[in-house]
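Subject: Handing over a structure

Hello,

Please take over the structure shown here. My notes on what was found follow it.

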Amino acid sequence: MKKLGSALVLLAAAVLGSSAWGASVMDKGEIVVGTESTFPPFEFLSPDGKLQGYDVDLAEAIGQKLGKKVVWRDMSFDALIPSLLTGKIDLIAAGMSASPERAKRVGFSDVYYRATSVVVIAAGSPIKSLADLQGKTMAVQLGTIQETFLRGQPGVSVRAYQKYDDCLREVVLGRADGAMMDETVAGEFLKQADFAGKIVSAFTQAAGESGQALAMPKGDETFISAVNKALAELKQEGFLQALSDKWIKK
């Protein structure tokens, strides 16, 4: 009976996360950070396969401030929150919008970057506004605020994919009329050889953006406060501006 009770406690701890039992990520020697590496310029792979970008530099700097080693886990975007909830990762650094719906499940840091969304179309497409999307098929990344927004638009057919570049290939191949994504990220894809000249930005459209923030276990106020303190220091030191200058090309 004791063994059964212990097993149930361990199972509950795995499901609820460490903060539910009074422990904090700050009690650990490392921070396991989850990301999705097809979201340039925030997180993407270099030609030699190295993870890089705005969020990567930011999380590493926060780790230094907290005296913690940062360990990276690359996964699909829709797997990030489930991985956080089950304790597989401690923090999400993936250009995630701190939406009210997500905030019901995870804790968020202060916002560190703000952007809007954009609809990307094939060059020569007549789409110019949200009204033009009625009767059209739109590609989005699975689990994003853009997916939620478009599924709420009457007459719009939505197809969700794991990666943004898959969404854009559907547009290039004519299997989708457009794609909706973060405007900053779209700007990076428009410059890539696979897409340059084939797709263009049609119009910007707010999709419920709440600003990008780092996600952490809900209730771990010790960790959340420490991360916010580090963020505030990095902002005051000019580090966030330096990241924008380095990674976000206007």
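Let me start with helix α7. The buried residues of α7 are covered by parts that include β2, β8 (117–122), α6, β11 (178–182) and α9 (239–247). Keep in mind that this is a predicted model.

Which residues of helix α7 (residues 183–190) are buried? They are T184, V185, A186, E188 and F189. The start of α7 has a contact of its own. There, a side-chain oxygen of D182 comes within 2.8 Å of the backbone nitrogen of T184.

**Helix α6**

Helix α6, one of the parts covering α7, spans residues 164–172. Its buried residues are Y164, D165, C167, L168, E170 and V171. After α6 comes G174, with a positive phi near 80 degrees.

R169 has two salt bridges to look at in this helix. One is with D165, at 3.6 Å from N to O. R169 and D165 are four residues apart in α6, which puts about one helical turn between them. The other is with D166, also listed at 3.6 Å, N to O. D166 and R169 are three residues apart in α6, and again about one helical turn separates them.

- D165 is buried, at a relative accessible area of 17%.
- D166 is partly exposed, at 30%.
- R169 is partly exposed, at 34%.

In the contact between them, 13 residues of domain 1 meet 14 residues of domain 2.

How much area is buried between domain 1 and domain 2? About 1100 Å², with carbon and sulfur atoms giving 63% of it. On the domain 1 side, T38, F39 and P40 supply 39% of the area buried against domain 2, more than any other three residues. Polar links across the interface come to two residue pairs in polar contact. The count of salt bridges between the two domains is zero.

**T38 and the residues after it**

Is T38 buried or exposed? T38 is buried: its relative accessible area is 13%, and the cut-off for buried is under 20%. Its side chain makes a polar contact of 2.5 Å with the side chain of E36. Setting aside residues up to four places away in sequence, T38 touches E43, Q141, K163, Y164 and F189. Two of these have already come up: Y164 is among the buried residues of α6, and F189 is among those of α7.

Next, look at the peptide bond from P40 to P41. It is cis, with omega near 5 degrees. P41 lies in the loop between β2 and β3 (43–45).

**Nonpolar cores**

The largest nonpolar core has 49 residues. Y54, L58, I62, L91 and V227 have the most contacts inside it. Domain 1 and domain 2 both give residues to this core, so it lies between them. V227 shows how parts of the chain come together here. Leaving out neighbours within four places in sequence, V227 is in contact with I62, L66, L91, S109, L214 and M216. Another core lies apart from the largest one. It has 16 residues, including M75, I89, A94 and M96.

**Salt bridges**

The count for the model is 12 salt bridges. One of them pairs E237 with K65, with the closest N and O atoms 2.6 Å apart. E237 is in the loop between α8 (221–236) and α9, while K65 is in helix α2 (residues 54–66), so the pair ties together parts 172 residues apart in sequence. E237 is exposed, at a relative accessible area of 52%. K65 is partly exposed, at 34%.

Best wishes

How values were computed: Residues numbered from 1 in each chain as written. Predicted model: local features only at pLDDT ≥ 70, side-chain atom pairs only at ≥ 80, totals over all residues. Heavy atoms only, no water. Buried < 20%, exposed > 50% of the residue type's maximum accessible area, 1.4 Å probe, protein only. Polar contact = N/O pair within 3.5 Å; in protein donor to acceptor, adjacent residues only side chain to side chain. Contact = heavy atoms within 4.5 Å. Core = buried A, V, L, I, M, F, W, Y, C linked by side-chain atoms within 4.5 Å. Domains from an automatic or database assignment. Buried area = accessible area lost by both parts, 1.4 Å probe. Salt bridge = Lys/Arg side-chain N within 4 Å of Asp/Glu carboxyl O.
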